[in-house]
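Student: I have a model open and would like to talk through how its parts pack. Could you take me through it step by step?

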Amino acid sequence: MLRQISNFWLRYIHPRLAALIATIGIVGLASCLLILFVLAKIAEEVLEREAFAFDTTFLLWLHQFANPSLDNFMLFITNVGNPSTVVIVVSVNLILLWWQHYREEAKFFVLACLGGFILNTGLKLFFSKARPELWHRLISEKSFSFPSGHALGSIVLYGFIAYELATHYPHFAKLIYSLTVILIAAIGISRLYLGVHWPTDIIAGYGVGFLWLMICITMLKLQKLKQGNLVN
């Protein structure tokens, strides 16, 4: 029995696990497991309708810095993650990928975006968490709060584009990823500043988005490796 289990592991599980680790790395795999753990803890509390004390405390602390100039800046930043802007960015990027004959990247980009949209919609309906009502908000949001669609969508959309650019322009990879992280973080902060999300919504959005992004990028890398092996 033990020999059969060992043979099954060596023949079926180990090659796939080795390929996965080689693709995303030990640090990437460990990060994904840690994010899964954090998401599970947050989801458990949300399902039990438990309140996070720091959610309200942080939002009220952040709101004390509100002023007209910062209002306009945050409205501009949050618009970068709005559906109308996202549709334009997705369309332009998809056209460019197809035009440059990056067909595999285009397919997985569509998969990443569609998957992110489905995940966001499904999770919002499943958890049905109400949005904050701590002050008069500058914008109106009618959907549920958890997780943040702007956080989830921005990390999937702009994260995938950053990966594409960094792959084709490796000398500028650090700059590309740094600017992308700043943009994604700014979008999340704008949602908190405007009072339309709790901090845990943003954390969950980033977590789910990052995991889905890693899955899509890993599948793309494995597909490229498979094609390379077939060519060789």
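Tutor: Happy to! Angles under 35 degrees count as roughly parallel and angles over 145 as roughly antiparallel. Keep in mind that this is a predicted model.

Student: How many helices and strands does the protein have?

Tutor: From the N terminus on, the elements run α-α-α-α-α-α-α-α. The count is therefore eight helices and zero strands.

Student: Are helix 6 and helix 7 roughly parallel or antiparallel to each other?

Tutor: The axes of helix 6 (residues 149–168) and helix 7 (residues 173–193) come within 10 Å and cross at roughly 170°. Over 145 degrees is the cut-off that matters here. Helix 6 and helix 7 are therefore roughly antiparallel.

Student: Which geometry does the ring pair of tryptophan 61 and phenylalanine 65 have?

Tutor: The structure holds six aromatic pairs. In the pair of tryptophan 61 and phenylalanine 65, the ring centres are 5.1 Å apart and the planes stand at 80°. Planes over 60 degrees apart count as edge-to-face, so this pair is edge-to-face.

Student: Are phenylalanine 127 and phenylalanine 146 buried or exposed?

Tutor: Phenylalanine 127 lies in helix 5 (residues 103–127), and phenylalanine 146 in the loop between helix 5 and helix 6. Both phenylalanine 127 and phenylalanine 146 are buried.

Methods. Residues numbered from 1 in each chain as written. Predicted model: local features only at pLDDT ≥ 70, side-chain atom pairs only at ≥ 80, totals over all residues. Heavy atoms only, no water. Axes fitted to C-alpha atoms, helices over the stretch in contact; angles between N-to-C directions. Helix = DSSP H or I, 4+ residues; strand = E, 2+ residues; numbered from the N terminus. Parallel < 35°, antiparallel > 145°, perpendicular 65-115°, else oblique. Phe/Tyr/Trp six-rings, centres within 6.5 Å; stacked < 30°, edge-to-face > 60°. Buried < 20%, exposed > 50% of the residue type's maximum accessible area, 1.4 Å probe, protein only.
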